[in-house]
Amino acid sequence: MAFTMGFVIMSVEMLGGRILAPYFGGSIHIWGSIITVFMLALAIGYALGGLYSRSEPDIRKYGVLFIAAAILLWIIIFFSEALGDFVFLRIEDERAGSLLYCILIFFLPTTVMGFASPYAVSLITTSKETSGMSAGFLYFLSTIGSALGTLITSFYLVEFFETNTIIKFCSGILLLLGIAAILQHRKNE
Amino acid sequence: MKKILLVIVLLQLSVVLDAKELYRAKSLYRDIYVVENNDLLCLKFSIPRREDTSQSCMDRKDPMRMVFNYTRMMMAAVLINPEPRSILIVGLGGGTLPTAFNDMYPDAEITSVEIDPAVAKVARKYFDFKETDNNKVVIKDARLHIKRQALKNKKYDLVILDAFGSDYIPEHLTTVEFLQEVKQVLSPQGVLASNTFSSSKYYHHESSTYAEVFGKFFVMQTNAGSNRVILYSENDALLNIDNIQNNVQRLGKTLDKYDVDAELMLRSINTLPMWNESARPLTDQYSPANILNAKEK
């Protein structure tokens with residue numbers, strides 16, 4: 001699951017360039033905005049997820065996070081065009097405009113995706129001694145997922161699919177994994 | 001035959017050896033080189049290798065002479081509308097086209113849009129590009145500039161799209177949505193000339209995209225496999241061989257100054273371009289132009 005989350009985060013980030021280009025162009029500024037907002041959202045997600053993980057973490061809640069992220073990705077699918085026009089018409093400066101636009105469409109889904117990360121660490125950590133190992137293993141999985149998400153999206157997926165189709169696919173996988181986690185939790189009880 | 005080849009290779013080698021690098025810079029987007037080769041001054045975006053990757057060249061002895069065929073073809077857009085009063089040029093390079101248009105139409109209002117400030121600096125410093133009230137440069141992404149101009153209801157009699165480097169295509173300038181925005185800024189007599197590649201799979205997708213937005217268009221190509229220039233006009237009566245023929249008579253002499261052979265341009269026009277029409281048009285949602293451009297036609 002951590003692998004998939006890593007995959008989705010970077011897949012969406014790569015698509016960010018395409019989503020922004022019609023309104024803010026292909027200048028270096030748009031990548032500045034995209035990466036800044038993703039990093040900021042992940043940082044806030046990590047901090048909040050860490051705090052939240054203290055209160056009885058279980059796999060059901062972890063699954064709910066996936067479902068929430070899956071739903072929030074639809075912000076991009078539904079509103080990216082309308083919000084792009086909205087910001088373009090009001091802000092001339094492409095740096096300020098692209099930054100605001102990224103916050104509007106990427107901030108919420110990415111924060112929730114960041115939220116899941118420390119939560120996963122708390123789920124698989126069984127003792128203090130092995131906590132470093134658990135965290136290391138999770139970082140490994142999620143970062144490999146991110147690497148593949150970047151590569152596969154930019155090299156192959158964009159050749160065959162529309163941007164929104166790829167995001168729907170990402171959302172679908174998160175949704176399925178979220179449901180699977182909740183079912184697993186029921187079975188355990 | 002082998003001897004001839006050897007001579008050609010040696011000649012090319014000597015050309016490379018003679019070339020002198022005058023300027024080199026890393027800009028936000030690319031490496032920029034200015035190379036001098038006898039009287040030829042060239043702007044390059046990649047390491048000067050044996051094959052020619054020049055974006056723009058100027059003959060110092062005859063600065064108005066066009067060195068490249070594709071710039072000649074772009075200039076030949078005036079054969080469709082011989083009296084443009086406002087011209088928008090996307091992609092400045094060494095400023096060859098705005099300089100020539102400004103020379104030919106001193107009263108026309110010319111705007112060049114260039115994303116890279118370093119390119120504009122080089123054009124001014126090395127290529128004698130002079131900005132005036134009638135010959136302006138805007139440093140901006142072309143998509144944004146055109147979108148803003150469309151909102152202001154600004155119209156141009158001539159739009160020149162020349163933003164593709166030798167190996168990279170800005171994908172947001174390939175889509176149906178972008179071309180619709182371009183169409184919005186064309187005046188009722190407006191002409192579009194777009195310089196593009198012709199030798200990859202992208203060719204088919206690009207043709208489908210232009211067909212979807214513009215319906216009918218002409219293609220100008222002097223040699224098979226080289227650049228092709230797509231020509232379109234908002235006024236159907238202008239995009240017509242008889243009209244172009246008349247303008248060849250009218251402008252032929254004037255165009256000689258820029259080394260544009262109007263007769264040759266006329267002969268190089270294909271009024272019924274063919275392509276694989278099942279190729280999917282490119283959209284903002286689907287625009288893998290660079291991947292397609294790396295594939296065989």
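What do the buried residues of helix 3 of chain B pack against? Let's keep that in mind as we start, and please remember that this is a predicted model.

The answer is a list of strands and one helix, so let me read it out slowly. In chain B, the partners are strand 4 (54-59), helix 2 (69-75), strand 5, strand 6, strand 7 and strand 8 (156-161). Helix 3 itself covers residues 96-104 of chain B, and because 7 of its 9 residues are buried, it is largely enclosed by the rest of the structure. If you want to find those buried residues on the screen, look for Thr96(B), Leu97(B), Pro98(B), Thr99(B), Ala100(B), Phe101(B) and Asn102(B).

Some of those partner strands bring us to the sheet of chain B. Here 8 strands form an open sheet with mixed pairing, and the order is 7-6-5-8-9-11-10-12. Strand 7 (135-139) and strand 12 (269-270) of chain B are at the edges; each has a single partner strand, so one side of each lacks a neighbour in the sheet. Strand 5 (residues 86-90) and strand 6 (residues 109-114) of chain B run parallel, joined by 5 bridges. Within that pair, Ile87(B) stands opposite Ile110(B).

Now, how many residues does each chain bring to the contact between chain A and chain B? Chain B gives 15 residues, and chain A gives 15 residues. On the chain B side, helix 5 (residues 142-151) gives the most, with 3 residues. By class, that side of chain B has 7 nonpolar, 3 polar and 5 charged residues.

Let's move over to chain A and look at two helices there. The axes of helix 4 (residues 74-90) and helix 7 (residues 163-188) of chain A come within 8 Å and cross at roughly 155 degrees. That angle is over 145 degrees, so helix 4 of chain A is roughly antiparallel to helix 7 of chain A. From helix 4 of chain A, the residues Trp74(A), Ile76(A) and Ile77(A) meet Asn164(A), Ile167(A), Lys168(A) and Ser171(A) of helix 7. The residues of this contact divide into 4 nonpolar, 2 polar and 1 charged.

One last stop: Lys128(A), in the loop between helix 5 (94-124) and helix 6 (131-160) of chain A. Is Lys128(A) buried or exposed? Lys128(A) counts as exposed, because it has 7 C-beta neighbours inside 10 Å. Its C-alpha atom is separated by 27 Å from that of Arg186(A), 58 residues apart along the chain.

Note on methods:
Residues numbered from 1 in each chain as written. Chains lettered and ligands numbered in written order. Predicted model: local features only at pLDDT ≥ 70, side-chain atom pairs only at ≥ 80, totals over all residues. Helix = DSSP H or I, 4+ residues; strand = E, 2+ residues; numbered from the N terminus. Buried ≥ 20, exposed ≤ 12 C-beta atoms within 10 Å, placed from the backbone. Axes fitted to C-alpha atoms, helices over the stretch in contact; angles between N-to-C directions. Parallel < 35°, antiparallel > 145°, perpendicular 65-115°, else oblique. Contact = placed C-beta atoms within 7 Å. Nonpolar A, V, L, I, M, F, W, Y, C, P; charged D, E, K, R; others polar. Pairing = 2+ DSSP bridges.
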